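This report describes how chains of the model below meet, together with the surroundings of one residue. Please consult the sequence and structure while reading.

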Amino acid sequence: MVDLRKGEQHVNDQKYKLTLCDGPTCIHNRSREIRESIESEIEKQGLSGQVSIHLSGCLGMCKKGPILIVNPGYVMYGQVQPEDIPAIIKSHLVEGNPVAGKVIQEDHLYNRFFRIFGDVDFFGKQMRITLRNCGIIDPENIDDYLSVRGYEALAKVLTEMKPTDVVAEVKKSGLRGRGGAGFPTGLKWEFTANQKSDEKYVICNADEGDPGAFMDRSAIEGDPHTVLEGMVIAGYAIGSRKGIIYIRAEYPLAIARLEKAIAAAREHGLLGDNILDSDFSFDIEIRLGAGAFVCGEETALIRSIEGARGMPRPRPPYPSVSGLFGKPTLINNVETWANIPVIVLDGGDWFNAIGTETSKGTKVFALAGKVRNTGLVEVPMGTTLRKIVYDIGGGIPNDKPFKAIQTGGPSGGCLPAEYLDTQIDYESLAKAGSIMGSGGMIVIDEDSCMVSLARFFIEFTQDESCGKCTPCREGTKRMLEILTRITKGNGKEGDIEKLQRLGRMIQKSSLCGLGQSAPNPILSTIKNFREEYEEHIREKKCRAGQCAALLSYVVNDKCVGCGACKRVCPVNAVEGTRKEKHRILEDVCIRCGQCYDACKFDAITKA
Amino acid sequence: MVTPIDIIKKKRAQAVNRIISKGYLSTKRVYVGMATCEIAAGSKEVMAEFRQAIANGLTDVYLSQKGCAGRCNLEPTVEVVEEGKIPVKYGKVTSERAREIIERHLKKGEVITEWLI
Amino acid sequence: MTDKITIHINNKEYQVDLGQTIMQAADKLGFHIPRLCYHPKLSIEGACRVCIVEVEGARNYVASCAFPVSDGMKIHTNTQLLRKARRDIIELILDNHPLDCHTCERDGNCELQRLAASMGIRHRHFEGEKKHYEKDLSSDAVIRDPDKCILCGRCVRMCSEIQQVHNLTQAHRGFNTVVMPAYNMPMGDSVCTACGQCINVCPTAAFLEKNYTQELFEKLNDPDLIKVAQFAPSVRAAIGEAFGLEPGRNMEGELVAALRKLGFDYVFDTQFAADLTIMEEGSEFLERFQNGGTLPMITSCSSAWMKCMEQFYPDLIDNISTCKSPMSMQSAITKSHFANKIDVDPKKILSVAVMCCTAKKYEAARPELEVDGMRSTDIVVTTREAAWMIKSAGIDLLGIEPEEPDHPLGVSSGAGAIFGTTGGVMEAAIRTAYELYTGETLVDIEVAAIRGLKGIKEGKINIDGKEIRVAVAHGLGNACKLLDEVRRDPDKYHFIEIMGCPGGCVGGGGQPYAQVNTIPLDDEALKKRAEALYDLDRAKTIRRSHDNPDVQKLYKEFLHSPLSKVSHKYLHTHYKKKTPVGIVPKTQL
């Protein structure tokens, strides 16, 4: 196991990992005692040093608790009592035979995921609901989906539930929109269901545009039927016959799989007229977007489907009242849709038990940046940032210090180390000065300049501004100009105040969420890393060494006069005789850094 | 009266049968991750290796694709599930590694531990 | 809706009607919230963010033009923070604006200028790069200057919602956003009908008419030319506004005098040709009606409408009257019969039209309208350009002694006057056609059903026991609606009048800009202009075109009879299907 994890510290010598659910119900059911029992039993049976014990948060399976998971191989034991431990340790760990009577079968949709994943560091602390089938089933084969209780939720609502029951169940679940704003999904369904109209639409927003985010793409590519099933259920609940998936043309594989899934679902009578021989009919079509970021905003998306230029319009009226072609429209994003079948099958109450007071269920994040394990992680709401970065993400490469974490995509905020114990939910993140967004999460270490980072994000948002409203169109441009001059060493006193003044005005006055959130990276970095801005402006210094214009390269006493730097310098900024200490002419130097890379003696310092 | 639930249960049974008839109960099941990210990392070539091996006479193996599991830095991934054994997952699989997994693991039953996730 | 609710504005309690926006409620209560992209006739854009207000409990400021009032709502329109935000928004617009006010055609008449003044912007904080695009000078009528554009989107909405031409749209993103025709086609090649309504609603100078005033001043100083002017009916009803008068003051006599002072040798009245048009068009209609010609017959006076029809409704070409517009008839007669009469080479005649219209600049350049190998109308200037020339030449329009137009093309009937407003052509035609058909005089000559600003108006006239169904549309959007109806049911109407601009010519694209604190194309102003023309009609003793003695004389001396060979040569034209580059006509969609 060493080879793959070169440079990573999580090399485990232990043969087994036991994960014990440490949720309140399991504790009540003696999970603490079980732990003691495990520890003593391991010692007794001579396995010391070969087994590590982990505690997990609530796994949402309280009725089956206490839960003990044995890895590798993912075997989940339920209703474990301290008395069961000796047998489990002996039979499973020593002899390699799981204790059949205690193994939980696939009761819940989501827990299958762990069954085939041995990667406990990464997956063991996650909880996969929306991604429950991703990486498990063949997404291009409807049989695979059917075999894992696919479309059973649809069959259930058509058999046993009235449309109002479905809405009630979604409301009960406490699910909130996963597209960013976190509006209660059940309420949205209810508003749309209550509208009287001959025509209503259901839309899946798959216009994922955040740089570095790919949650929706992965979900569709890994499990397209889940999204379809969620939409059909919604169609039944609100009285719509027509669904549209708006997805960007840059996702050809996801589109191909959706097309295949739609065709297969039609063939099986799961889409089209009289679904599953009921009197409910619903069909779904795909509309491709051309990749404008703003088309992820619901009113712009609707305009785009209508064939107009994708620009947001003021709300109200909300799409639930007047949406696509002026008809009541229910629009949710991919991740939200993927939760629906689970909520229907396992119940709103079950879902509601996961997460925090105000934010229920799980959230998928695209974990990226300076972290060992990058990738998609799905965690229960309420998980701390620290847990994601260090436990799931495996910490920062080379054990560099953590500097900040940026959540919520290009319009999220940057949170410094003191916020690492912030719980992930809509309110806590907002309180900390960031947003949930659609789930981007970028870990930043000391090598990143916060001013450049803010500049990078505002460059993106100003580029993707639709150009409709003044604050976003003109204001983000001016913010970019100010940030650019700061990073180029031309910052002026008062620039920080100008950025704040513009930023607050843009937040308060812009037409849509893109503009309203565009200043977040800047305002949050000013708040948390103001000294970096001041250094750039006053001292013309970039502590991360990222702003090329603020760097100077200096030859130190380690120089042996080999001349390597002199040879690579494209502008002849290095002078010096052989075997003597060289010198870099600062006003000639273009800060390309080639001398720095070429020096074998660490004789050039960035300052 | 036949309810939608009855229909879906029947459909599920038929689906399971179809999967089984495709060889699901083979002693070894091989899953290759095939999402955009995995394909970009080279999983198409890996898949081709396994297909080729089966075409060349490798028996008792059920080969299937699947979506992304989210382990971006270790892609492409290949998972081997053997009846009665602990499932294993290989990371950063290349064509060469795939050939070796075929030779050593699938044919001889040796788990190549250094490539495991 | 009559439901009353309670709202608070700036800490004072008010009872207002439910079902309106904050802006509408505030307007009625005397709070004028600053605004820019808002226009009452267009859809709500919510783009400029100038009309933001603070609503207690709302996370952000809301656009008062879009946000509905609700019971108990507490609104603040003038807090210090809000004022600052608004001020910064206007500054951001200014920062990306040329700021060449002194040399700008809209100087003194620019909404942005007024707003900036009211915000008290004395310093600029955020200056930086400005956008730069080339001016589009390709059209004979409408100039597009994206550098002046502040992206309020009024022109886009006007062009697509009211006119349904859909020529303009925003293109590109963010800071690079620009309003342009599809595929950045030059305006001259695009589907632009040259109606000029974009100019009317533009708060700045991003759209302007192509200005011919310098060329005209030059030609007026050419001693070898015989300078002949004509002016459209609605010019007299609106030009006073450019001199600070209330809308609806008839300035006919003053205008005639001013044009003479500018250097014109003859000042004729386009109303004369309006009467002539009625003679031809009325006869054409009766001809079609009696002899099974293509019906409904549709009027052809409006040049924007002609282009619109050739592009989007070429299947209806046979329905269009072959009559030229009054301007082109007047010019044709000027360069033929009149030249003959005064015994000069028509090439020596400079034929100038003062029009309420920008599309007439386009029309004047149409090759189909040439007379004996010459352009019949040499220069068209709009009401705005004429007003500027009068001011520039130091002529005191308001203090001037009114004068009469010249003979033989200056006398007109009341029917000719009402050409300038929607329904007027139809009303004039009915007056004459009735008499031509029945031989009797129509007593009740005012046709109320087709007056007013309703988009599509219908009427029935009983002529000698036969029912004639007529319809009137103004604004190209209404025209399209009506024409779609004709496509569905070709027998529904016999005779249709269409004017390209809202309100007819009184709302033309060349009329004076809205006065300070009024809205462009305000219905009240349009009504007052129209009323001035109806007053003019009522004041005339001759109210039917066929009673115009100069018209009768013209037929006697030159044209012989309506629809004669000579008439056809000088007063009629033809149309052909137009397909602008890169555009699929509606009919093929």
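Is C:Val201 buried or exposed? C:Val201 is buried, because 24 other C-beta atoms lie within 10 Å; a residue is termed buried if 20 or more other C-beta atoms, placed from the backbone, lie within 10 Å of its own, exposed if 12 or fewer, and partly exposed in between.

This is a predicted model, in which local features need pLDDT of at least 70 and side-chain atom pairs count only at pLDDT 80 or more, while totals for chains, interfaces and linings use all residues. Residues are numbered from 1 along each chain as its sequence is written, and chains are lettered from A and ligands numbered from 1 in the order in which they are written.

C:Val201 belongs to helix α5 (residues 197-201) of chain C; helices (H or I, at least four residues) and strands (E, at least two) are DSSP runs, numbered from the N terminus. Beyond its neighbours within four places in sequence, C:Val201 is in contact with residues including C:His39, C:Arg154 and C:Leu521, where contact requires C-beta atoms, placed from the backbone, within 7 Å.

| Pair | Residues of chain A | Residues of partner |
|---|---|---|
| A and B | 45 residues | 40 residues of chain B |
| A and C | 29 residues | 30 residues of chain C |

On the side of chain A that touches chain B, α7(A) gives the most, with 5 residues. On the side of chain A that touches chain C, α19(A) gives the most, with 8 residues.

Definitions and conventions. Contact = placed C-beta atoms within 7 Å.
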